[in-house]
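Here are my notes on this one, written as numbered points. Have a look at the fold before reading on.

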Amino acid sequence: MKKRFIAGAVCPKCKAIDTMALTMENGIETVTCVSCGDTMKQPEEQVEKAMRSQEQVIGIFKPS
């Protein structure tokens with residue numbers, strides 16, 4: 001699994017700087033603190049609510 005670190009990000013739990021890594025798990029983005037192990041995921045319900053109802057989606061870009 002490929003981790004991408006988020007420059008300048010601060011962990012909300014342990015307050016460590018530059019320890020947040022972004023990964024993809026089952027098509028869901030997950031941010032994990034490599035210092036304390038705290039994880040954050042965006043539930044799919046929130047993704048659906050954020051989608052604009054008046055727009056049509058042609059495709060979704062997923063970087064590899």
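1. A word on surface first: accessible areas come from the Shrake-Rupley method with a 1.4 Å probe, and for residues only the protein chains shown count as cover. On that basis the protein exposes about 5,600 Å², with carbon and sulfur atoms supplying 53% of that area. Buried residues (under 20% relative accessible area; exposed is over 50%, partly exposed in between, with a 1.4 Å probe and protein chains only) make up 16% of the 64 residues.

2. Please keep the provenance in mind: this is a predicted model, where local features need pLDDT of at least 70, side-chain atom pairs count only at pLDDT 80 or more, and totals for chains, interfaces and linings use all residues. Residues are numbered from 1 along each chain as its sequence is written, and side-chain values use heavy atoms, with hydrogens and water left out.

3. On to the fold. The protein has 1 helix and 4 strands, where helices (H or I, at least four residues) and strands (E, at least two) are DSSP runs numbered from the N terminus. Reading from the N terminus, the order is β-β-β-β-α.

4. How do the strands line up? The 4 strands form an open sheet in the order 1-2-3-4, and the pairing is antiparallel. Strand 1 and strand 4 (39–41) stand at the edges with a single partner strand each, so one side of each has no neighbour in the sheet. Two strands count as paired if DSSP finds at least two bridges between them.

5. Now the individual pairings. Strand 1 (residues 4–5) is joined to strand 2 by 2 bridges, and F5 has A21 as its bridge partner. Strand 2 (residues 20–25) pairs with strand 3 (residues 28–33) over 6 bridges. Here A21 turns up again, with T32 as its partner in strand 3, while M24 stands opposite E29. Strand 3 and strand 4 are joined by 3 bridges, and T30 has K41 as its partner in strand 4.

6. T30 deserves a look. This strand 3 residue is buried, with a relative accessible area of 1%. Which residues does T30 touch, not counting those up to four places away in sequence? They are A21, L22, T23, E25, T39, M40 and K41, a contact being heavy atoms within 4.5 Å.

7. T23, in strand 2, counts as buried because its relative accessibility is 5%. Leaving aside neighbours within four places in sequence, T23 is in contact with M1, K2, K3, I28, E29 and T30. One of these, M1, is 22 residues from T23 in sequence and 7.2 Å from it in space, C-alpha to C-alpha. For the protein overall, among contacts with a separation of 6 or more, residues 24 or more positions apart account for 15%.

8. What makes up the largest nonpolar core? A9, C11, M20, V31 and C33 do, 5 residues in all. A nonpolar core here is a set of buried Ala, Val, Leu, Ile, Met, Phe, Trp, Tyr and Cys residues joined through side-chain atoms within 4.5 Å. For background, nonpolar side chains tend to be buried together in soluble globular proteins. C33 touches C11, C14, T19, M20 and D38, again not counting residues up to four places away in sequence.

9. Some backbone angles to check by eye. K15, in the loop between strand 1 and strand 2, has a phi near 65°, a positive value in a residue other than glycine. D18 sits in the loop between strand 1 and strand 2 and has a positive phi too, near 60°, although D18 is a residue other than glycine. Are these residues buried or exposed? K15 is exposed, with a relative accessible area of 56%, whereas D18 counts as partly exposed at 45%.

10. Finally, the hairpin of strand 3 and strand 4. There are 5 residues between the strands, and G37 in this hairpin takes a positive phi near 85°.
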